[in-house]
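Dear colleague,

I am passing a structure on to you with this email. Please look through it before reading the notes below.

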Amino acid sequence: MICAVKQCSRGIHCSDGVIRSKISVPSQRSSFLPPLPVQKARNSAVSIHKAVHVSTLENFGSLGVRKANLIKCEAYEAERSQPIESSIELPQTQVPSEAAKKVKIGSYFALWWALNVVFNIYNKKVLNAYPYPWLTSTLSLAAGSLIMLISWMTRIAEAPKTDLEFWKSLFPVAVAHTIGHVAATVSMSKVAVSFTHIIKSGEPAFSVLVSRFLLGETFPLPVYLSLLPIIGGCALAAVTELNFNMTGFMGAMISNLAFVFRNIFSKRGMKGKSVSGMNYYACLSILSLLLLTPFAFAVEGPQLWAAGWQTAVSQIGPHFVWWVAAQSIFYHLYNQVSYMSLDEISPLTFSIGNTMKRISVIVSSIIIFRTPVQPVNALGAAIAVLGTFIYSQAKQ
């Protein structure tokens, strides 16, 4: 904003975006500015809605040679660093284009699926050679916790601002997350990766049943109907599974139930908490690691771990160490990306992405591990996954 104010013999005071002259001398405004209301009171004033700071004064008092007895006054709004142009156009926020947003979401999904596939492959390789799921689960959480602690200390990532109430709210979420994580790992140590994920596609059924009978929530009829193909498909796949194992089946079922409670506790406890998805999952990993470590020592113990490690290294060689490191790192990365994507997309889009993720894991694991699949077993898997997709649509 550039304005001209007629100089007078009295002082000019500038405060809080108001320029006042102490005598009633008519002021002359430049022709390109919109008309401003003129006060008829003794003190004339020019006010604007935004706070204004005076940046320069030309030809004021004895500071310069007066030309036509005018003072040139340049001002800028409080949130700007440069004088306002004469057109008085307000700054416009740069909004990312729709195409750029779609590219970002697409990259999140692609990275999420790719990392998840790689994790499941290395996780199954490790469990085939080293059947200690409690230690494997602990190492996965430890790797993620270490990565985030280093990121915070080196300021690669901004550390979250948490308090005691945050950790209290996170505790039940961490308990459910720990149970679900260990149960899923136990399942994959006993059965094929594809079978574990077929059973885990039945998680929406657990979600609806728990919400209905324990929380008293009601759902429209299409939601209940969408559970029929989910339950039927999982049952068909389980009955026709060639390498069926009850421990593996129950591990996947317990994992489903635990993750349903994790989501419920997370929604209830984290309302009003301003923590990013990445930092939220990092805190969850750290707390889950503290909960899981003593149980891992109690259930399996260092003696079994040491003996199993020597056997695995002697059979596979140094590559086994890379397998363990890879499955631990990729577990954290794929979960971190999934939580980061929640900041960018709606729950419906996330559900659809999760369904597609399961399809990619099932298909890739069948190809890589050459898992024998009967046609009726594949049909059951397809029905269950399709039911999950229908559920995500009906719930909205």
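The notes below cover a helix pair, a surface patch and a salt bridge.

This is a predicted model, in which local features need pLDDT of at least 70 and side-chain atom pairs count only at pLDDT 80 or more, while totals for chains, interfaces and linings use all residues. Residues are numbered from 1 along each chain as its sequence is written, and side-chain values use heavy atoms, with hydrogens and water left out.

Helix H2 (residues 133-153) packs against helix H10 (residues 319-342) at an angle of about 60°, their axes lying 8 Å apart (helices are DSSP runs of H or I with at least four residues, numbered from the N terminus; axes are lines fitted to C-alpha atoms over the stretch in contact, and angles run from 0 to 180 degrees between N-to-C directions).

The structure holds one salt bridge (a side-chain nitrogen of Lys or Arg within 4 Å of a carboxyl oxygen of Asp or Glu), which joins Lys168 to Glu165, with the closest N and O atoms 4.0 Å apart. Because they are three residues apart in helix H3, Lys168 and Glu165 are separated by about one helical turn.

Helix H3 (164-190) and helix H7 (246-269) each supply at least two residues of a nonpolar patch (residues with over 30% relative accessible area and no salt bridge, nonpolar side chains of Val, Leu, Ile, Met, Phe, Trp and Tyr being joined within 5 Å and like charges within 9 Å), and Phe171, one of the patch residues, is found in H3.

Best wishes

Technical notes
Accessible areas come from the Shrake-Rupley method with a 1.4 Å probe; for residues, only the protein chains shown count as cover.
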